[in-house]
Structure formats: C-alpha cells, structure tokens
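Trainee: Hi! Could you walk me through a structure today?
Mentor: Gladly, let's look at it together.

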Amino acid sequence: MNNSADPSRTLRTLETLESNVRLYSRLFPACFSHARGPFLLSETGERFIDFFSGAGALNYGHNNHQLKAAITEYLGSDAVVHGLDMATPAKVDFMETFNSVILRERGLDYRFQFTGPTGANGVEAALKLARKVTGRHNIISFTRGYHGLSLGAAAATSSRFLREASGVPLSGVTIMPYDGYLGDEIDTAEHLRNILLDSSSGIDAPAAILLETVQGEGGINVAQKEWLRSVQALAAEIGAIFIVDDIQMGCGRTGDFFSFEFAELSPDVVILSKSLSGYGLPLSMLLIKEAIDIWEPGEHTGTFRGNNLALVSATAALNIYWRTEIFSQSIYRLGTLMRHRLNAIARAHGDHFTVRGRGMALGFDCRNTHLAETAARKAYDRGLIIERCGPADEVIKFFPPLTIDPETLTKGLDIFEDSLAEAAPL
Ligand SMILES: *Cc1c(COP(=O)(O)O)cnc(C)c1O
C-alpha cells in the first residue's frame, strides 16, 4: 500500500519523531491501518480483536457503517462542519433527539452545555460551574478516581504518577475513600457524611461531589446503589453540586445509556464524552439542571464546542441504538456471557483472581502487575488488544465494543484464557 508497511521503519519513525510520552504504540506495537466493528487490522495484514475500544470511545465499534453513512452524507452535502456554537440544523437535531430519546424516556430534564471536545474539558467546565453556583472552592472526589489531566481535572484524579506530572501543586480538591476502599465493613458514604457535617473536620465545605459510578482507569471498582444514593443525598443536604463523570461508563457501557440509571440517581451535572459521538470523533457535553444554569453568555467558551460532524454521528447513534430497549438488553446479555466466562476462568485458577464490573465494563483482577502485563502481552501476540487498569495496572480491563457479535466475543475470551494460562500455568 505505501512504503511505511515496514515494521522496523514504523518503529524508527516513532522513536525519532514522536515524543517519549507515547504510550499505546508501545503496548500494541503494530501500525494499524484499517478497522471495522470489533477488528483492527495492521499494515502488515494481522487482524486483532479489539477489547479496548479506544478506552471506551468506540462503544459502537470501529467505522460503524450506519454512522459512517450519516457523516459521509453530511460531508457530501457541504453542510456546516465548524460553527463554534452557532445554531445549525445538525445541532438542533441532536438536542431534540437526545432530549426525546434519552432524557424524556427516563424522566430526566437537563440543559446541554457543549464544552471543548475532550473529557477533561467537560470536567473543567463542570467544576467551574459548581464553584460559581456555590461560591465554594473545594471539590470532593474519590480514591482511584480518574477525571482527566488538565490541571483542574488532574486535581480530582488520584494517581500519584499522573498528579506529579502536573508540576504544580494541585489544589481545591479533597480526595475521600470510594465505596469499598476501606473494606466491606466500612461504609465510606457514612464516613464522608460525618466529615462533611462536622464543622471542625478540617475539610472545607464542598462546591461539588464528583464521582464515577464504576471507576474505569482506577480498576473497574463498582459503587453500590445504596452508596451512590447516600452520596447524592449528602450532596443535596449540604448544598453541594452532585456531578457524575459518565465519560467512560456512559453511552451504554454498563447496560443502560447512563451508568447511574440502576441507582435511580438524578445528578445535578452529568459529563459525557468518549462514546458520545459514536464514531470516535471528539465531542463532550454537560447535562446541567436548569436551576444551576447561571452562566453569563460567553463566560465559558472554546473554539471546538459541539462540532457538527460529531453531532451528526451522535444523533445517528441515538436513532439507531437507543430508540428501543433491544440494544440495552443485548449489552446485558453479552455482559452476562463475559462475566460467566471470566468467573469460570478465575475459578479454574483456584479463585486467586477476582472479576468485577457492570454490563460490558468488566475487570479481571490479577492482583499482580507482572502477571497482568504478561497475560495482556501474550494476548496481543495472539491477536487480542486488551488494556490494563488499576493503581498498579494489575487489573485486565474487558471493554469490547457493545456491538460485538457473540462469536467474536467468545473468540477474544478464548484468547484471554489461553494467554492467562501461559502467564500463570494452572
Ligand atoms: C477518559 C476520561 C476522562 C478524560 O477524558 P479525555 O478526553 O481523555 O480528556 C475523564 N473522566 C473519565 C472517567 C474518563 O474515563
């Protein structure tokens, strides 16, 4: 195809021209040229099953044909692609569709704020709004949380490695124990409540409580329904804005469109990004309750807000997948299949490993960094792209596209089973 289909040349170019900060090209050292659905193809003709899905940005698979048709048609018609936040039919269509297909169906009522295109941009906007609404500065976030790496978002992120890379003191956030962090016996929501209600605890009254309902980067840690409901109630009680970061777990990953539906939450602010556009195009937005929409016009702005091409694929994804319950049911079904299989694999290894997660966001905790690394590398060698997470990268993260067919899903799980057996002989 072109003269870069020489692996040693690809490697040379990366090593000489790309910053040392590059990461995924090290973990998955092929040059990927094509992709479709759950498959990635390398320039040299190898085919990989993708259980990584762009860290959750490709819930509907790579180059989803139906979504591609919508954006190809849009591009071909010379419709407006970039328009800052000017009104366009694409944007009106997206908001009306999201409002009727997602919000009204769930009894939710929000305004849309389009932010810059990254997840971190959305987190920054949410924190800024919460501080403006409450006149307070402190934010509560949680151990093993991940909220992005711009300074405000990094302050709410727990990893020491990532925090130290910021190079400045990260302030304005207090990190508290997430559900289960202190063991099953201790209710950390109760602990948080005691601290925030105690005017002499040393913790400033928060503008917001920010959380993921399942911690993606932090190791697929699952918060229980009651814990989430207690934290939401506490936020309301103390006048703090309750923010759910649904950047990674939203858009169907846990089975429902929003990851908090199972707990019947009603967050003041919801942050969406990653799979929102449906096609891997950058798009972020906040859902905010009307009562706290106190922005002055233009007070928070950005050049790439609500990119029209991304809005067109986002609307198509809503129309194709979310107008009925069928897609959600399929996610639960495939998630159950995955969980049973992973549990069986853990059992075969004497239950030394644990499986956790919700829907199609599952983690296989190897409790050992080297073992997880070896298993993931062996899986790659056998044609499976799979990522790790957790504080020591000791958890293997199962994130296939939600649209994957059961045969390919099973094939990927077979590869994992063989790779783990090689890394940790039975
Ligand atoms: C990925 C992610 C972010 C940051 O999004 P970027 O687009 O990488 O800035 C924030 N929160 C969560 C939960 C994420 O998974």
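Mentor: We will talk about the ligand, a few side chains and some salt bridges. Keep in mind that this is a predicted model.

Trainee: Okay, let's begin with the ligand. Which residues are around the ligand?
Mentor: They are Thr118, Gly119, Ala120, Tyr146, His147, Gly148, Glu212, Asp245, Ile247, Gln248 and Lys274.

Trainee: Which polar side-chain atom lies 2.7 Å from an oxygen atom of the ligand?
Mentor: That atom belongs to Lys274. Asp245 takes part too: an N or O atom in its side chain is 2.7 Å from a nitrogen atom of the ligand. With Tyr146, look at the backbone, where a polar atom is 3.3 Å from a ligand nitrogen.

Trainee: And how much of the ligand's accessible area does the protein cover?
Mentor: The ligand has 390 Å² of accessible area on its own, and the protein covers 83% of that.

Trainee: You listed His147 around the ligand. Is His147 buried or exposed?
Mentor: His147 has a relative accessible area of 3%, and buried means under 20%, so His147 is buried. You can find His147 in the loop between S5 and helix H7 (151-155).

Trainee: What does the His147 side chain make a polar contact with?
Mentor: With the side chain of Asp245, at 2.8 Å. Asp245 is also one of the residues around the ligand.

Trainee: Which other residues does His147 touch?
Mentor: Leaving aside residues up to four places away in sequence, its contacts include Ala120, Val123, Ser141, Leu210 and Glu212.

Trainee: Tell me about Ser141, then. Where is Ser141 found?
Mentor: Ser141 sits in strand S5, which covers residues 138-142. With a relative accessible area of 0%, Ser141 is buried. Past the residues up to four places away in sequence, Ser141 touches His147, Ala156, Val173, Thr174, Ile175, Met176 and Leu210.

Trainee: New topic! How many salt bridges does the structure hold?
Mentor: There are 14 salt bridges. Side chains of opposite charge can pair when their charged atoms come close.

Trainee: Can you show me one? What does Glu290 pair with?
Mentor: Glu290 forms a salt bridge with Arg111, and their closest N and O atoms are 3.3 Å apart. Glu290 lies in the loop between strand S12 (285-288) and helix H11 (308-321), while Arg111 lies in strand S4 (residues 111-114), so the pair ties together parts 179 residues apart in sequence.

Trainee: How exposed are those two?
Mentor: Glu290 is exposed, at 52% relative accessible area, whereas Arg111 is partly exposed, at 37%.

Trainee: Which side chain does Glu299 meet in a salt bridge?
Mentor: Glu299 meets Lys132, with 3.0 Å from N to O. Glu299 is partly exposed at 33% relative accessibility, and Lys132 is partly exposed at 31%.

Trainee: What about Glu237, where is its partner?
Mentor: Its partner is Arg193, with closest N and O atoms 2.6 Å apart. Glu237 is in helix H10 (residues 225-238) and Arg193 is in helix H9 (residues 188-197), so to speak a link between distant parts of the chain, 44 residues apart.

Trainee: Which residues are linked in a network of salt bridges?
Mentor: That network is made of Lys378, Arg382, Asp418 and Glu422.

Trainee: Back to the loop between S12 and H11. What about His300, buried or exposed?
Mentor: His300 lies in that loop and counts as buried, at 18% relative accessibility. The side chain of His300 makes a polar contact of 2.9 Å with the side chain of Lys128. Among the residues His300 touches, beyond those up to four places away in sequence, are Gln113, Ala125, Trp295 and Arg305.

Trainee: Last one: which residues form a nonpolar patch on the surface?
Mentor: Leu23, Tyr24 and Leu27 do, with about 240 Å² of accessible area together. Leu23 is in the loop between helix H1 (7-17) and helix H2 (24-27), and at 44% relative accessible area Leu23 is partly exposed.

Conventions:
Residues numbered from 1 in each chain as written. Predicted model: local features only at pLDDT ≥ 70, side-chain atom pairs only at ≥ 80, totals over all residues. Heavy atoms only, no water. Patch = residues over 30% accessible without salt bridge, like charges linked within 9 Å, V, L, I, M, F, W, Y side chains within 5 Å. Areas by Shrake-Rupley, 256 points an atom, 1.4 Å probe, with all protein chains shown as cover. Salt bridge = Lys/Arg side-chain N within 4 Å of Asp/Glu carboxyl O. Helix = DSSP H or I, 4+ residues; strand = E, 2+ residues; numbered from the N terminus. Buried < 20%, exposed > 50% of the residue type's maximum accessible area, 1.4 Å probe, protein only. Contact = heavy atoms within 4.5 Å. Near = heavy atom within 4 Å. Polar contact = N/O pair within 3.5 Å; in protein donor to acceptor, adjacent residues only side chain to side chain.
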